[in-house]
Amino acid sequence: MKATEARLKAALDRPPADIRLYLLFGPDEAGALALAERLPRALGPDAERVDLEGAALRGDPARLADEAASLSLFGTARHVRVTGAGEESLAAVTALLEAERAGNPVVMIAPSLKATSKVAKLALDSPLALALACYVPGGDQLEGIAGEIAREHGLRLGAGVARRLAQAGGGDRAVMMREIEKLALYLDAASDHPAECNLDALEAVGADLGDAETGDVINAVIAAAPAALGEALRRLDEAGISPVPWLRALARRLASLAEMKGEVVNGGDIAGVMKRHRVFFKEEAATAAALRRWSPQALARALAMVREAERNVMAGGGGAGDVLAAQAMVELAVKVRR
C-alpha cells in the first residue's frame, strides 16, 4: 500500500500485526535510514535486529521470508532490516508477501528503486506492505523536519536554531536527529517535560558544521593528501561532528568528477569539460589535478567506499562506524597517492 510519511511513522511507532514489509525507496537513503530507526525504538531496547544486504537476496531469495518467520534466540522482539535493495530483491519480496506466516516486520531500504520498479509496484499493490518514496528535502523542508524531530524530543527551538540544525546536517535528517538527541540530553528535555533550545545550547554541544571544515576533508581526499586528511578528521572528531554530512558531500564530488572524467576519456579536453560543468574558478586548478590523478575505475571504487562508509556510520549510530569511516578515507587517500 502507498503510505504518507505520517502514516508510515505511525506504523513504525506502533507496528500493526498485518504489515510485513515497510519499503522505503528513492534517493534519500539517509532519510529512509532515519525513518527505519523508529521501528527498533518501538520494539524496545532488547529487540533483535537481523541485517541483510539486497545483493545477498539474489542468490537466496527464500532467506528473507525465513528470517521474518524465525523466532528470536532470546525470546525478544525481532525485526529484519535490508539495505541497498534493488530489483534483485523481487523474488525475495514476493516470497515474503506470499508466505503463510511472517511474525517479524521487515524494513527494506532501496535508494535505487523508482515507483515504476517491479519491487515498488509489488509493495504498493500489497495490503501486507507499506511503501514510501523518499526524496531529498529542500532547505525549508529541512527546517520543518528539524522542528518536528525537536518536538518529539521535547525541545522548543528558538530563533535560528532550526536553520542551523538543517545546515549542520548537510541535508541529512538522520544527522539532525543525532544532534537533536544530544541537545535533548544536554537540556534534560523529553516529551513529558520540554525545554527551550537556543543558539547558546547549540554552540555548547557543538551541533554546528562549518563549510570550511567539511571542505578540508573533501579536498584532502580528492587531492590524495593523507596527512592533511588526518588533521582535518582530527579537528572534526574533536568537535564531535558526525562524518555523515562530509561523506555525502564527498560522494557528490566524486560523482561529479566521474561524470567529467568520462567526458575526458571520450576525448574532451579538461578545460572545456570544466567549463561545461561550470566549475567555480577558484576550484579549477584542484579539479584539473583531480581529473588527471583519478582513473574512472578509481572514482567508481571510491564512490562505493564512501557509500559503504556512510551505511556503516548509520548502522552503528556513531562510535565504531565513525572510526571505520575515517580509516577507510585515509586508506583511500593513501592508495590514490601511490
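User: Which residue does Arg78 form a salt bridge with?
Analyst: Arg78 pairs with Glu67, and their closest N and O atoms are 2.8 Å apart. Arg78 sits in strand 3 (residues 78-83) and Glu67 in helix 5 (residues 62-69), so the bridge ties together parts eleven residues apart in sequence. This is a predicted model, where local features need pLDDT of at least 70, side-chain atom pairs count only at pLDDT 80 or more, and totals for chains, interfaces and linings use all residues. Residues are numbered from 1 along each chain as its sequence is written, and side-chain values use heavy atoms, with hydrogens and water left out.

User: What's your cut-off for a salt bridge?
Analyst: A side-chain nitrogen of Lys or Arg within 4 Å of a carboxyl oxygen of Asp or Glu. Helices (H or I, at least four residues) and strands (E, at least two) are DSSP runs, numbered from the N terminus.

User: Are Arg78 and Glu67 buried or exposed?
Analyst: Both are buried (under 20% relative accessible area; exposed is over 50%, partly exposed in between, with a 1.4 Å probe and protein chains only).

User: How many salt bridges in the whole structure?
Analyst: The search finds 15. Glu37, Arg49, Asp51 and Arg81 are linked in a network of them.
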